Amino acid sequence: MHESCTVCGRRFEVQFRYQMEERDDAFSFFCSQACQTKSLRGETTNGVVCSCCNKRFVVDLVSQVLRIKGETRYACSEGCRAQLCAEAGGLRLGNAAAAVQPPPRAATPRPAPVMKEPREVKESGTVAALRPLAAPRRLAIFNHKGGTGKTTTSVSVAAGLAMRGYKVLLVDTDSQGNVGVSLGVKADKTLYHVLVMGLRPQDVAMKVRDNLDVLPSNETLAAAELYLAGRQNRDRILRDRLAAANGHYDVVVLDCSPSLSLLNQNALVFADGILVPVACDFLSLVGVRQVIKTVKNVNALLHHPVQIHGVLPTFYDSRARICREAWDTLKEHFGDRCLSPIRANTRVKEAPAQGKTIFEHAPDSHAALDYEAVVERLVTGSCATTPIHETADEAMTG
């Protein structure tokens, strides 16, 4: 990312955390530590304003600059510094050891998702009311293990809901950017600009289909991770940034990376529910345990009551014993929350190469029919547990 230095105006590539700073809801960029120091002291603006008495002065001492609740404050004198610390409820380092341990942090209130009144949509020439969703309206597609079909599931679920008339925002939180590739999206702005630059998600998102917008990502998310790491309440930045999109979309679907990164923590804190794609093999079954552990940690440590809404078996082949046993195991442990499986199908692998969804590329394929069943489950809450059988020829051509 290339920016112009706020102090000297030189064009440079942002590489380090200190080169970017947010002040008063705006961003400043510094090509060097010398420029950052000049800005911090107020040399480029005829001084800084004391946060206590509003006196303008030039910073001479380190003690005149404070970080309170993640924001920079200035104090022209020891008296003003003491006043700012008192107002913030801060303690001097020497008194911290004698302080009583504070009670556990209360859950941070978050804005409730805004769902519009059921809209009217056209169906086969008639007008019908949009049915309220049975599924969470903030749905994270998450699994620690890679190769379980998370991106395919995210794209298919989002596209299926959009086809039914729901206005959907599909957010890619994986730096590989596979959501954009799958839909043939080439974007100048990405999730990075929402997280770091503070742009509104609805201004960055790209319309890719009727009722379907995509907030893409790319390798710049690595820099966004560094930005999040230095922020207060770093696990809630994504939730706060996407709050502006609540009134614009009926559903937000998040495609998560196969890891427990800081971005994934943000995604789980934002989500109301989690859909876990699980490949029908032994190692994927073992990985589900880690997902359950992560959800418990989010509930207990991050004070966010997210739950597993459903477990989705993927790459299912009824001819393979391990697939049948895996599905039986998931049904035994998760009951009604285990959805009907997605059958292994070559059409699913072909669709991203065409920049199409499975519904566009092969609407009559097994995978398209199976994902339609998943969407039906999310919309109505109905559970389909009828065993799926197929012949060898159907598995190859379906």
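In the hairpin of S13 and S14, two residues lie between the strands, and Asn211 takes a positive phi near 70°. The model is a predicted one, in which local features need pLDDT of at least 70, side-chain atom pairs count only at pLDDT 80 or more, and totals for chains, interfaces and linings use all residues. Residues are numbered from 1 along each chain as its sequence is written, and side-chain values use heavy atoms, with hydrogens and water left out. Helices (H or I, at least four residues) and strands (E, at least two) are DSSP runs, numbered from the N terminus.

**The sheet**

- Seven strands make up an open sheet with mixed pairing, in the order S13-S14-S12-S15-S11-S16-S17; two strands pair if DSSP finds at least two bridges between them.
- S13 and S17 are the edge strands, each pairing on one side only.
- On average, neighbouring strands of this sheet are turned by 25° against each other, direction ignored; axes are lines fitted to C-alpha atoms, for helices over the stretch in contact, and angles run from 0 to 180 degrees between N-to-C directions.
- Strand S13 (residues 206-209) runs antiparallel to strand S14 (residues 212-215), and three bridges join them; Met206 has Val214 of S14 as its bridge partner.
- Strand S12 (residues 168-172) pairs with S14 in the parallel sense over four bridges, and Leu169 has Asp213 of S14 as its bridge partner.
- Helix H4 (residues 150-163) packs on this sheet and touches strands including S11 (138-141), S15 (251-255) and S16 (273-279); the direction of H4 makes about 165° with that of S15.

**Nonpolar cores**

- A nonpolar core is a set of buried Ala, Val, Leu, Ile, Met, Phe, Trp, Tyr and Cys residues joined through side-chain atoms within 4.5 Å; buried means under 20% relative accessible area, exposed over 50% and partly exposed in between (1.4 Å probe, protein chains only).
- The largest core has 60 residues, and those touching the most other members are Leu169, Val171, Leu191, Leu195, Val196, Leu215 and Leu254.
- H10 supplies the largest share of this core, six residues.
- A second, separate core of 37 residues includes Ala159, Leu161, Val214 and Leu312.

- Eight of the nine residues in helix H10 (residues 262-270) are buried, among them Leu262, Asn266 and Phe270.
- Asn266 is found in H10 and counts as buried, at 0% relative accessibility.
- Leaving aside neighbours within four places in sequence, Asn266 is in contact with Leu228, Arg234, Asp235, Arg236, Ile237 and Leu238.

**Two loop residues**

- Asn233 is not a glycine, yet has a positive phi of about 55°; Asn233 is found in the loop between helix H8 (221-229) and helix H9 (237-242) and is partly exposed, with a relative accessible area of 36%.
- His303, also not a glycine, has a positive phi of about 55°; His303 is found in the loop between helix H11 (282-301) and strand S17 (307-314) and counts as partly exposed at 26% relative accessibility.

**Cysteines**

- The structure holds zero disulfides, a disulfide being a pair of cysteine sulfur atoms within 2.5 Å.
- Cys323 is in no disulfide, and the nearest cysteine sulfur, that of Cys280, is 4.9 Å away.
- Cys323 counts as buried at 6% relative accessibility, whereas Cys85 counts as partly exposed at 25%.

Technical notes: Contact means heavy atoms within 4.5 Å.
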